[in-house]
Amino acid sequence: MNSAGKPEISVLIPAYNGALWIAETLRLLGAAAGDVSFETIIVDNASTDETVAIGQKTAGVRVIQNKANLGFSRAVNQAAAASQGKILVVINQDLYLQPNSLKAVFEFLSSKNVLAGGALSFEDGSYQPSIGPFPTLAGTLCRLMLPRKMRKYDLQRPDSDTARPADWVTGAFIGFRRELFDKVGGFDEDYFMYYEDVDFCLRARRAGFESYFLPSAKAVHLNPYSNRADAPEWLRKEVRFSQMTYFRKHRPGWEYGAIRALNRAHFAAKGWQWR
């Protein structure tokens, strides 16, 4: 703990049926923090597996249980409200932080009031994209020919070990000062899941805060949506609705209308029900 008796970092973990990964995610936090004090808060969105039990039996972990799945953004905001650290770090339940990665975020954010996104890899050690450009209609259309897992992200891998600016950094591993989070207004709860990180980074930029890719903060991300061939229908639909929410909030009306029409056609082609 620091001199005020509060943790320097609050690790915020939205969780839903994460029993396959979360024990190891929690186990690795100590090495990731190094000599920086931290607390861990899990907000569980009504899991039906052992996620809650694993969190409750892990020393130093607080678990907040929701009676329904309220989504990623709401869980982040709940965890932030219950936390005490001056720096908040959101991680996915299936994110294995590498040694000193939390410390790297802490040191970087102690000197810069920005958003910091970690450098992710797949389980085999290969590079996992984690930053991207702010979406536009033209950019979205141009990227339709790309593999699904690359449509959202920067196409060129960062080629330096030095922190570099980015439009947005993934919410799978993102850190920021509490004062930034409060000024931006937290995560937008109109997003159930997906695009909430892009939205947050855009609103932060408009408030004067840049986003950075931080290569020294390394983590293995095991189960990203973009790499899942078996993603269920509800999840694929949710991504589309979140995309439309982003365009409705942040792009011209005609762009939103075009994206909505494209998604309606996609739903019809898939035989999906439009909500």
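This is a predicted model: local features need pLDDT of at least 70, side-chain atom pairs count only at pLDDT 80 or more; totals for chains, interfaces and linings use all residues.
I started at Asp94, whose side chain makes a polar contact with the side chain of His221 at 3.3 Å. By polar contact I mean a pair of N or O atoms within 3.5 Å; within protein, one must be able to donate a hydrogen and the other to accept it, and residues adjacent in sequence count only if both atoms are side-chain atoms. Residues are numbered from 1 along each chain as its sequence is written, and side-chain values use heavy atoms, with hydrogens and water left out.

Is Asp94 buried or exposed? Asp94 counts as buried because its relative accessibility is 5%; my cut-offs are under 20% relative accessible area for buried, over 50% for exposed, and partly exposed in between (1.4 Å probe, protein chains only). I found Asp94 in the loop between S4 and strand S5 (95–97). Strands here are DSSP runs (E, at least two residues; helices are H or I, at least four), numbered from the N terminus. I also checked Asp94 against Ala172: they are 78 residues apart along the chain, with their C-alpha atoms separated by 8.8 Å.

Next I looked at S4 itself, residues 87–91, and found five of its five residues buried. In a regular strand the side chains alternate between the two faces of the sheet. In S4, Ile87, Val89 and Ile91 point one way, Leu88 and Val90 point the other way, and all are buried.

Then I went through the pairing, which takes at least two DSSP bridges between two strands. S4 runs parallel to S1 (residues 9–15), with four bridges, and Ile87 is the bridge partner of Ile9. With S11 (residues 173–177) S4 is antiparallel, over five bridges, and there Ile91 has Phe173 as its bridge partner.

I moved on to Glu39 in strand S2 (residues 38–45). Glu39 is buried because its relative accessible area is 10%. Its side chain makes a polar contact with the side chain of Ser10 at 2.5 Å, and the Glu39 side chain also reaches the backbone nitrogen of Gln84 at 2.6 Å. Counting contacts as heavy atoms within 4.5 Å, I see Glu39 touching residues including Pro7, Ile9, Arg62 and Gly85.

Last, the cysteines. How many disulfides does a search of the whole structure find? I got zero, taking a disulfide as a pair of cysteine sulfur atoms within 2.5 Å. Cys142 counts as exposed, at 63% relative accessibility, whereas Cys201 is buried at 0%.

Note on methods
Lists of a residue's contacts leave out its neighbours within four places in sequence.
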